[in-house]
Amino acid sequence: MGKWIDWFRHRKDEDAQERFILSIDGGGIRGLVPATVIAQLASLVKDMGDERPFYSHFDLVAGTSTGALIALGLVMPKLGIAMDEGAQVPVYTRMPKGLFSHQDVLAGYIMRSGDPACFQRLYMDNAKRIFCARNRLFGAVFNDKYDPSSLEEFLASSYLDTRLSDALVPVMVVSYDSLSGKGVVLSSFNGWKDMYTRDAARASSAAPLYFPPLYAKSPEGRDAALLDGGIIANDPALLAYAQARRMYPGCRRFHILSLSTARGVYTFNPREGLTGMAGWAEPVMKMYPNAQMDLVGQTLSCLDDVEYVRIGGIVTKEKIRLDDTREESMQTLVSGGRRMFEENRPALEAFASRLARRTGLDAVRLRTDLPPASACP
């Protein structure tokens, strides 16, 4: 009997040899692009006959800035936004019953979470509320451009009283502490896990010049001034891989789906401009995010245990700023997200197929206090 149980344990370990990570970039209102891609990808997985909530296909969900808002909305069990209307899917564990037989034991139910289709509308309905300009003399010269109270009210109404530890699968968002000079991972599995979800979202999206930092105490009791995670990792995929490698040491292959906000690649020819501070000030500010994200892509593409699927592209020739809340700009981003999905359809269909075939769900928090499966909706 011991050998029989060991065989089942081995099969379970085999299921855990592959892990799936969803990573979402920062970019302000340009979050409409990955939000659109996620809605279509979730629909594609359902069309393949998989009715499980979208978040439950992943072992880790990561986001930076606007990507943090989406990541957190996907994985929380109680939200002030539209919830996935799918059934709370029962999950069974196959256990040995005898030498040549087995039984399926109900382990629990996959719970509903944020509806992947709701985030487009959420951005469009609340953009002007989030980016609420200050009405002060000298404007943004001596003040942050936007009043954080409007953003904070939006986050409080969206995430309610949830904490990071409430996440239904492991989640992490990226911030930067200017007092320690270090990047900070706010997650459901580290010392920050008791942080309110709304505060984690606020910290990750505190873009300098636009919003003030979120002041908080670190798990060690130190003062922290938390700024936008884009300062250190606008594409959080590499940090997500590092965290997942610690969480799942037995994993042989990490499948990372990284969604961009379709920022254009900035190029600069020094021969065609001024030198010195006057010539380099703007190019350096614009080249830095590109270089940072390029490093992430190059690094992950070189790792033998990683499949890095990067979904990006140019969705418009128009420069749409991260705080551009004009209706026509937001519609352009939604249309661009749909086009980006179609341009990357083969890669997304292949990834969706792997998600739909997954059987290992040990990263998902299950609910055990529901009636038998036959009585569930």
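The model is predicted, so local features need pLDDT of at least 70 and side-chain atom pairs count only at pLDDT 80 or more, while totals for chains, interfaces and linings use all residues. Residues are numbered from 1 along each chain as its sequence is written, and side-chain values use heavy atoms, with hydrogens and water left out.

**View 1. The whole protein.** You're looking at 11 helices and 11 strands (DSSP runs: H or I of at least four residues for helices, E of at least two for strands, numbered from the N terminus). Of the 377 residues, 49% are buried (under 20% relative accessible area; exposed is over 50%, partly exposed is in between, with a 1.4 Å probe and protein chains only).

**View 2. Arg222 meets Asp177.** Their side chains form a salt bridge, 3.9 Å from N to O (the term asks for a side-chain nitrogen of Lys or Arg within 4 Å of a carboxyl oxygen of Asp or Glu). Arg222 sits in the loop between strands S7 (214-217) and S8 (223-228) and Asp177 in strand S5 (171-177), so the pair ties together parts 45 residues apart in sequence. Asp177 is buried at 2%, while Arg222 is partly exposed at 42%.

**View 3. Asp223 and Lys217.** Here the salt bridge spans 2.7 Å, N to O. Lys217 is exposed at 54% relative accessible area, and Asp223 is partly exposed at 48%.

**View 4. Asp323 and Arg321.** The closest N and O atoms of this salt bridge are 3.3 Å apart. Asp323 is buried, at 4%, but Arg321 is partly exposed, at 48%.

View 5. Salt bridges join Arg19, Asp59, Arg358 and Asp362 in a network.
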